[in-house]
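Please look at the sequence and the three-dimensional model shown here before reading on. The report that follows starts from a single residue and widens step by step to the parts around it.

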Amino acid sequence: MRTILITGATDGLGRELARRLAAGDRVIVHGRDPERIRQARADAGGTTEGVVADLADLSQVDQLADEVLDRFDRLDVLVNNAGMGGGPPDSGRAESQDGIEVRFAVNYLAGYHLTRRLLPLLVKSAPSKVVNVASAGQQAIDFADPMLTRGYGRQRAYSQSKLAQIMFTFDLAEELAGQGVTVNALHPATYMDTTMVREAGAPVMSTVDEGVAATRRLIDGLDGVSGRYFDGQRESRADAQAYDRAARKRLRELSDDLVRRALG
């Protein structure tokens, strides 16, 4: 039986993934709200555990990592699924608990820090997998203003956070080569029928089932494949910045600096 941690598993794609996987695997259901975690676990049945953390607060991400390392002796799959969409059409710029642009914080930096904290357990559990749920909506990061203090746009904020996920995917795959841990990213499906999509006022174009199928393909198959980006079930090309090693190095340095500042 595999142990699989899914962040953002109380709604949408994450909740349905947890429900499907719990039939045969031990699924760690993450969310912000204990009651919603309880409901998701009840819906999933099977073998589940619950963990609580607000990913907009890096100290809680740190505590989440500590709890997983303390409670579980293996981690076969980490699915970094939790995220924020663009938000309602009239929404403006907001910051996380740590003063970081909130979509960058939740969609990217929380998963970056959590994954790095859990790497020893993932390596110990090899062969293991990291699956980053990104998006086809990608925009290059402006390193002169990565927190978007000027010219903020909600879609721009979302898109750069998702590209950051993919850049991290490529970096980590290279770092872990030969250690039995594969790292891949995907755009699961376009405008799935989820709370995030409805909140943004976008037209529903895909089912959650389509997203689940694409994500499970990376969880259950493609053994040994690493450092790739998939659009649904097809391997695809990400934004050009994802292949720029200098840009990826700048992102890594920025990320480590933001985590250091937040955690002291």
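In this predicted model, Thr 182 has a relative accessible area of 12%, and because anything under 20% counts as buried, Thr 182 is a buried residue. Thr 182 belongs to strand β6, and when its neighbours within four places in sequence are left aside, its contacts are Ser 128, Lys 129, Val 130, Gly 224, Val 225 and Ser 226.

**The strand around Thr 182**

What is the setting of strand β6, which spans residues 181-187? Seven of its seven residues are buried, so that the strand is mostly covered. Val 181, Val 183, Ala 185 and His 187 point one way from β6, while Thr 182, Asn 184 and Leu 186 point the other way, and all of them are buried.

Strand β5, residues 128-133, runs parallel to β6 and is joined to it by six bridges, and Ser 128 has Val 181 as its bridge partner in β6.

Ile 219 is found in helix α7, and Gly 221 lies in the loop between α7 and β7. Ile 219 is buried, with a relative accessible area of 1%. Not counting residues up to four places away in sequence, Ile 219 touches Arg 2, Ile 4, Leu 17, Leu 21, Val 77, Val 79, Lys 129 and Val 131, whereas Gly 221, counted in the same way, touches Lys 129 and Arg 216.

| Pair | Apart in sequence | C-alpha to C-alpha |
|---|---|---|
| Ile 219 and Ala 23 | 196 residues | 15 Å |
| Gly 221 and Val 52 | 169 residues | 29 Å |

**The nonpolar cores**

Which residues have the most contacts inside the largest nonpolar core? They are Leu 5, Phe 104 and Leu 118, in a core of 51 residues. Helices α3, α4, α5 and α8 and strand β6 each supply at least two residues of this core, and α4 gives the most to it, with 11 residues. Phe 104 touches Leu 109, Met 147, Gln 160, Ser 161, Ala 164, Leu 251, Leu 254 and Leu 258, not counting residues up to four places away in sequence. A second, separate core has 25 residues, among them Leu 21, Ile 37, Val 79 and Val 212.

**Helix α3 and its covered side**

Helix α3 has 14 residues and reaches 20 Å from its first C-alpha to its last, which is close to the 20 Å expected at 1.5 Å a residue. Its buried residues are Leu 58, Val 61, Leu 64, Ala 65 and Val 68. Why do they lie on the same side of α3? They do so because they cover an arc of only 105° around the axis. An α-helix has 3.6 residues a turn, so residues three or four places apart point the same way. What covers the buried residues of α3 includes the strands β1, β2 and β3, together with the helices α4 and α8.

Notes:
Residues numbered from 1 in each chain as written. Predicted model: local features only at pLDDT ≥ 70, side-chain atom pairs only at ≥ 80, totals over all residues. Heavy atoms only, no water. Buried < 20%, exposed > 50% of the residue type's maximum accessible area, 1.4 Å probe, protein only. Helix = DSSP H or I, 4+ residues; strand = E, 2+ residues; numbered from the N terminus. Pairing = 2+ DSSP bridges. Core = buried A, V, L, I, M, F, W, Y, C linked by side-chain atoms within 4.5 Å. Contact = heavy atoms within 4.5 Å. Expected span 1.5 Å × (residues − 1). Arc of directions from axis to C-beta.
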